[in-house]
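Let's read a model together, starting with its confidence and then turning to one helix.

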Amino acid sequence: MHVSIVGSGYVGTTVAACLADLGHDVTNVDVDEDVVAAINDGESPIHEPGLADLVAEHAGENLRATTDYDAVRETDVTFLALPTPSEDDGAIDLAYMEAGAASLGEALAEKDGDHLVVVKSTVVPGSTEEVVTPAIEETSGETAGEGFHVAMNPEFLRMGTAVEDFLDPQKIVFGARESAAYDTLSDVFAPLVAGSDAAVVETGIREAEMIKYANNGFLASKVSLINDIGNICKEFDVDAYEVADAIALDDRIGGKFLRSGLGWGGSCLTGDQRVMAKDDDGTKLLTLAEFFDRYVCDETVDDVSVLSCDEHGEFEFKSVQAATRRPYDGDLYTIRTKMNKEVTVTGDHPMMTVERGDTVIREAETLSPGDRLPVQTALPEDPIGTIDLIDLVESSDRFENSSVYLKPSFELEAIGDELRAILSEYDRQFSYSKLRDLVRSNYLPLDVFLEYEDELPIARTDLSLYTTVGGGQTYVPAVIEANEAFWRFIGYYLSEGHISEDDSGNGSSIRKRVFLSFHPSDEQEYVSEVESYFERLGIRYRTDSQETSTQIGVSSRVFAYLLEWLDCGTGSYTARVPDIAFQEPPEHRKELLSGLFRGDGHVEHTNHSNAVVYDYGSVSEELIQGMQFLLHSLGIVPSYKTSASAKSTRPAHFLRVSSKRQIALLKEMFLPAEQAKIQDRLDGYDRNIKPTGHVDGGTHTTAKVNEISVEDTSAEVYSLEVEDNHTFVTTDGLVVHNCFPKDTNAIIAAARDAGYEPPVLEAAVEVNDLQPERLLGLLDERADVAGERVAVLGLSFKPGTDDVRKTRAVPVIEGLQERGADVVAYDPVATESFDEHYPDVEIEYADSAAEALDGARAAVAVTNWDEFAALDSAFDAMATQLVLDGRHVIERREGIDYVGLTW
């Protein structure tokens, strides 16, 4: 038969060469001209035992390659063997499959007669019918089952033994709907079936897709289970391999994949990146380091959510399912947008980008200037409504309830009879009528009120709190409404306020005063607004006008505590947006920003044009970060920058709002006179100039990447797994994707999308990921390798291949470098591939195992190549013969300090 293979990667090249070896005429189609040229010259583009010989034998005869899809018209069947790369949540990206299917359909549009299209790539159930088939139908003009047929034939090739696995399979799976498809597949594989004992499974397309994932998921779980058992064995000084050999004799278990070790072979952000978290107490803007310390204990995450963005650009809080922290030594990528927004991540972190309205997940190291990142434009509402200061004071250790007093808004004498009946027992504690004094002075101690509150005919809303006696008290309402006026006042305080302490008085308590300072002449309207707010609340204040400022002061421990409870800060350096503000409705957030911009903001009416911009500066980075989240939640995308002066001990942080639409949206933050000046400028705009730093509307608002810098450094990095959306909003309002390992993760992601959480598979991935660190922990128990040479034996994912995509060598090398070791590595075939895939991993490469071991303080076996099992005298050249074996490949021998991972 004449067979075509679309794709010349690991699977495509192996299948093409093996089918040619079975006697078929095979045409490889690939867009990479170098790969096509290599195959036609008889050279294999990948390393796999036996593959180079097959390509050399059949190239130019019954195996050829081309970049022209039209070649498929001369064939009977086409296998699609295109890549399906992983997204961060484990889901597969079908873009290559869809594009290849579309190109195939265009070619088949000109073909007369039937044609069979076979999906060979690993795809989740439904992909063949819902993605591949429609793409072919659309471009070919034919209907599946009539002009062409579709089938699924999953591959079960192991790296290092792919040729052997294809030519001597245990099973061959045909997934199809029509008998014609089964017949054609039977003809293709007839020479193979005739010469082997392989079982042929004929099933449906979706079943064939699932068989591949079930196969890999079961093996992954088996490997992780034996690793877990092996870890327990190590704790009891038990040889896990002897245990495995024994349980393998049970035919219900079998002996394959019972070799514990390093596991099968993520991506993170730095700890200073912020997330918006929400728990039972409300929202909190936290750094990832703070998030981890607050919510993660013993690898378990509390019930907490973070602000997330779905594929339609809608923002919502989604539960955090997992969180990790690990030391990292290597390149960190800081991605800056044109609005000076930035986020710092590892190079492999999946970044959410927007291309032509669609979200696309790309690794950070592949981003380039001009790419667009989505930004936050909304916040879910859950307003607090009112703040009960009685509850705050009662729960605080700063106050004695007996020394806090409640003044009602009416005379207690009006309810004197009821009070005497309710408080009679209380009054009998005293040798005189304490109750008469309380009624005459018109107050109740807080402890008395709390004890009898359920019986008293007094509502909290009718009370005010104070803490001093003898005259001059400052009364603060017991219940304060968190309305627009309240949030505007908070904005004023954040810009112009501070709290001072005074312990010079006669009392035992420290006096606290809240001050707000304004310009002595230019900001009188702001002064009046704050004074009016205090008057409406009945809070006693004092205004002092001096040459340099007009200062409004309130002397009240209770009112100062309210601002501290809100976590507003005590001055300009510690100012921050209260966490509860993030859950307020948009009109309240705007009023908070109004107070901020009126207090410390600046409306710039530029002289060289009719443009107008809003600027805000602060020495508090936390305040600026919170303001960014608030602005984003209103659909405003500000620019951000920092500036340091020679006289300043801390840099200043600045926000700028520009563009006609954004200026107009926030115009009402200012007083009427300023609004009129702004509107005059807006009316004078000759044209609406689109912002260059961000794009509004559509499903997402985006910021354009302007610069990417890379720094080689050591740091702790953090990762989150967020349910459903698999995204979270981080620093400067940028949206990023999840941080977590291909086949097992893909089916986990598919299961979640279908509404099922697969706990066993999730546990398998978790155990697997911990194995490299366990191996390094064993090293730590025996040696300090800082400044020492350490040999790493093996770089490939497994022996017999140069594939390094899932290699355990990466976390092992990173861990060694974090410990200060000088790493020298050797692999029989994968050195070039490793250096190409991980250019930022700076290590020394040796030409032989003996060269790597020479002078080494320790050696770590990562890949079980046969030549490592044959090593003997080479260990004698080590500085100290400490050998850590992660694969049970090194033979124990006298003279070496041998440490097995689980044996």
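Q: Which residues around 689–698 have pLDDT under 50, and how many contacts does the model have for them?

A: pLDDT is the predictor's confidence in each residue, from 0 to 100; a contact means heavy atoms within 4.5 Å. Here pLDDT stays under 50 over residues 689–698, and the model has 24 contacts for them beyond four places in sequence. This is a predicted model, where local features need pLDDT of at least 70, side-chain atom pairs count only at pLDDT 80 or more, and totals for chains, interfaces and linings use all residues. Residues are numbered from 1 along each chain as its sequence is written, and side-chain values use heavy atoms, leaving out hydrogens and water.

Q: What is the mean pLDDT of the protein chain?

A: The mean is 87, with 89% of residues reaching 70 or more.

Q: Which residues of helix H2 are buried?

A: Buried means under 20% relative accessible area, exposed over 50%, with partly exposed in between (1.4 Å probe, protein chains only). Helices (H or I, at least four residues) and strands (E, at least two) are DSSP runs, numbered from the N terminus. In H2 (residues 33–40), Val35, Val36, Ala38 and Ile39 are buried. Seen down the axis of H2, they fall within an arc of 160 degrees, so they line one face of the helix; the arc is that of the directions from the helix axis to the C-beta atoms.

Q: What do the buried residues of H2 pack against?

A: They pack against strand S2 (25–29), helix H3 (51–58) and strand S3 (63–66). The face turned away from the buried side carries the exposed Glu33 and Asp34.
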